[in-house]
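Dear colleague,

Please find the structure below, handed over for your use. My notes on it follow directly after.

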Amino acid sequence: MPSVYVSCRLPEPIPAELARSFDVTAHPGDLPPTREELLAGSAGRDGLLVTPLERIDAELLDAAGPRLRVVANHAVGYDNVDVAAATARGVVVANTPGVLTRATAELTLTLVLDLLRRVTEGDRFLRRRGPWIWSPVFMLGSGLDGKTLGIVGLGRIGRAVAQLGEAFGMRVVYASPRPQQAPWKRLELAELLARADVVSLHCPLTPETRHLVDAQALAAMRPSAVLVNTTRGPVVDEAALVDALRAGTIAGAALDVYEREPEVHPGLLELEQVVLSPHLGSATVETRVAMGRLCVEALEAVLLDGRCPANALDPAAWRAAP
Ligand code: DGY
């Protein structure tokens, strides 16, 4: 059986499905492997199943050695993988697109509603056990109907968020490097930032999008607007965000991802107008099982069936392989 290293704990029945086809070595426990453990665990394997927490670069690929044919990345985002380095070594990389679109879009809308209707803030308020009474002006938030939703990055998840936003009566605009086939108006990023009531980030993390939302971008937003980030933390300059929130440059933020995960900027923890979740975008049982299945399928395609996986990021690596 081909030998596969798995860097994480996976939901049932994925471990059993993997074990049917592969000789599996799984990293034990809930914490990710250290770099040394990852390098040692990968050595001599035919395939790897990893998460966004593991950096898959030239050093790792070389440590894995010449038997390595496939890396299944248990995520749609693949900023952790040096795809070119894999391609150069004939290693196919596959990710898990599609199956987490809905879950991530739902989480995004959950955060928007939570922030604007002050649900978590109200929860914290009640738990402090202070006195309170209903009144016509108590803890007012704002609704979504008629508000402008600015989607930054109109991929699968951005589109799904746009559709959910429309279902709540929002007007959708988007910014993306290229025009897309879409019923929504495309704006330059600066114009989107100036017009949107809710700015929601859905672009991948690349050298171009690192700190896309910096002090200047935040200053371009409306003082009543809120920022939502369910893509990758480094797309936002977190220190600049804290400054903008403290200064009232923008009204609030809802974040599922962080610049130095799992660290959260201490300034964010102190602010009432901030809703935080611990990278839960794809965290439903159904979605995580579906993501696991796509990883199993990618490993099986390469190592058992001798074909390129459907979700290969670099089909060129497949063609180049011996
Ligand atoms: C992804 O798939 O990129 C997510 O961030 C992991 O849930």
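Helices (H or I, at least four residues) and strands (E, at least two) are taken as DSSP runs and numbered from the N terminus. This is a predicted model, in which local features need pLDDT of at least 70 and side-chain atom pairs count only at pLDDT 80 or more, while totals for chains, interfaces and linings use all residues. Residues are numbered from 1 along each chain as its sequence is written, and side-chain values use heavy atoms, with hydrogens and water left out.

Backbone features

Pro262 lies in the loop between strand 11 (252-255) and helix 11 (266-269). Another cis peptide bond links Glu12 to Pro13, where omega is about 5°; Pro13 belongs to the loop between strand 1 (3-6) and helix 1 (14-21). Arg129, a residue other than glycine, has a positive phi, near 60°. Arg129 is placed in the loop between helix 6 (119-127) and strand 6 (148-152).

Ligand site

An N or O atom in the side chain of Arg232 is 2.6 Å from a ligand oxygen atom. For the side chain of His279, the distance from such an atom to an oxygen atom of the ligand is 2.7 Å. Gly77 has a polar backbone atom 2.9 Å from an oxygen atom of the ligand. The protein covers 87% of the 230 Å² of accessible area that the ligand has on its own (Shrake-Rupley method, 1.4 Å probe; for residues, only the protein chains shown count as cover).

Yours sincerely

Notes. A polar contact is a pair of N or O atoms within 3.5 Å; within protein, one must be able to donate a hydrogen and the other to accept it, and residues adjacent in sequence count only if both atoms are side-chain atoms.
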